[in-house]
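The sequence and the model are shown first.

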Amino acid sequence: MRQLDSVDYATPFASPDWQTSNGFGATNPRDPFMIIGNEILETPMAARSRYFEARAYRRLFLEYFNAGAKWTAAPKPLLRDALYDPNYKQRPIDYPYVLTEIEPVFDAADFVRCGRDIFGQLSHVTNQAGVNWLQRHLGDSYRIHLIQNRDPKAVHIDTTLMPLAPGKMLVNPEFVDITTLPPILKSWDILVAPQPIPYRTKPKIMSDWISMNSLMLDEKRIIVEKRQEPLIKALKNWGFEPIPCPFENHYPFEGGFHCATLDVRRRGELQSYF
């Protein structure tokens, strides 16, 4: 197993336009990086504290690059004050997020991939300009479908919608109106996630729907937080093989199994269900 480089994320840093007292960390690679085929894509994150998050992974990605991987970084955003609207709560309900459209920004964790189809959302860290940049970068080989998230605090899609296997999608009944899902999902089995068991670690900085933040190993096996017994039972009833593991101690780092992993190495070929 390769280790990441040591980075002091407590160090203050600045650009010509702003300064921040500290960085974030390197515990959730699913947020700043997107894997598309043999490409590692560094995303233009909206949080100033995460501007240099990729530093811890640089030597590792250089190894992947030397082994034949494609390594790309989206244009670094300026993150000036104009990107953030302090009056965003007065906006129309169809776009109640802090970001403006002055430049493209997005977190990789606002997207999940199913073959050549990618499901994403607008949120407090992803704007439409970011979605447009990603679609143009990927070209016609991939299609992005946006869902409508009803969570006013929406950040990252993996507590809202998670593909489990070809033709099966797990959805959050509080954050998603099933009738408004993209038409391409009409033929899929939409599996409604059960109410989560509230997690116990503090500070409570995330929704209890972090319960959905699981990791599929293949079309059957799925790693789930061991205290989420209602979800484990439901997954068994749906024909999956849940693997309960304790992971709540990672929650203070603002991520679950999906956030803390990145599918750089995979077996099999690219397949699309649609």
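## Aromatic cluster and ring pairs

Phe33, Tyr57, Phe61, Tyr64, Phe65 and Trp71 form one aromatic cluster. The model is a predicted one, in which local features need pLDDT of at least 70, side-chain atom pairs count only at pLDDT 80 or more, and totals for chains, interfaces and linings use all residues. Residues are numbered from 1 along each chain as its sequence is written, and side-chain values use heavy atoms, with hydrogens and water left out.

Rings of Phe, Tyr and Trp (its six-membered ring) are paired if their centres lie within 6.5 Å; planes under 30 degrees apart count as stacked, over 60 as edge-to-face and the rest as tilted. A search of the whole structure gives 14 aromatic pairs. The ring centres of Phe61 and Tyr64 lie 6.2 Å apart with their planes at 35°, so this pair is tilted. Phe61 and Tyr64 are 3 residues apart in helix H1 (residues 58-66) and are therefore separated by about one helical turn. Helices (H or I, at least four residues) and strands (E, at least two) are DSSP runs, numbered from the N terminus. Phe61 counts as buried at 2% relative accessibility, and Tyr64 is buried with a relative accessible area of 17%. Here buried means under 20% relative accessible area, exposed over 50%, and partly exposed in between (1.4 Å probe, protein chains only).

Phe247 and Phe257 form a stacked aromatic pair, with 4.4 Å centre to centre and 20° between the planes. Phe247 and Phe257 both belong to the segment after E14, 10 residues apart. Phe257 counts as buried, at 9% relative accessibility.

In helix H2 (residues 128-138), the buried residues are Ala129, Gly130, Val131, Leu134 and Leu138. They pack against strands E3 (33-36), E4 (39-42), E6 (111-114), E7 (117-121) and E8 (143-147), where contact means heavy atoms within 4.5 Å. Just after H2, Gly139 adopts a positive phi of about 75°.

E6 and E7 run antiparallel and are joined by 4 bridges; two strands pair if DSSP finds at least two bridges between them. Phe111 stands opposite Gly120 in E7. The hairpin of E6 and E7 has 2 residues between the strands, and Gly115 there takes a positive phi near 65°.

## The E12-E13-E14 sheet

An open sheet of 3 strands has the order E12-E13-E14, with mixed pairing. Strands E12 (215-216) and E14 (241-245) stand at the edges, each with a single partner strand, so one side of each is left without a neighbour in the sheet. Helix H3 (residues 229-237) packs on the sheet, touching E13 and E14, and its direction makes about 165° with that of E13. Axes are lines fitted to C-alpha atoms, for helices over the stretch in contact, and angles run from 0 to 180 degrees between N-to-C directions.

E12 pairs with strand E13 (residues 221-225) in the antiparallel sense over 2 bridges. The bridge partner of Leu215 in E13 is Ile223.

## Overall dimensions

The protein chain contains 3 helices and 14 strands. Its radius of gyration is 18 Å, close to the 19 Å that the globule rule gives for 274 residues, so the chain is as compact as a globular protein of that length. The radius is taken over C-alpha atoms, and the globule rule is 2.2 Å times the number of residues to the power 0.38. Of the 274 residues, 49% count as buried.
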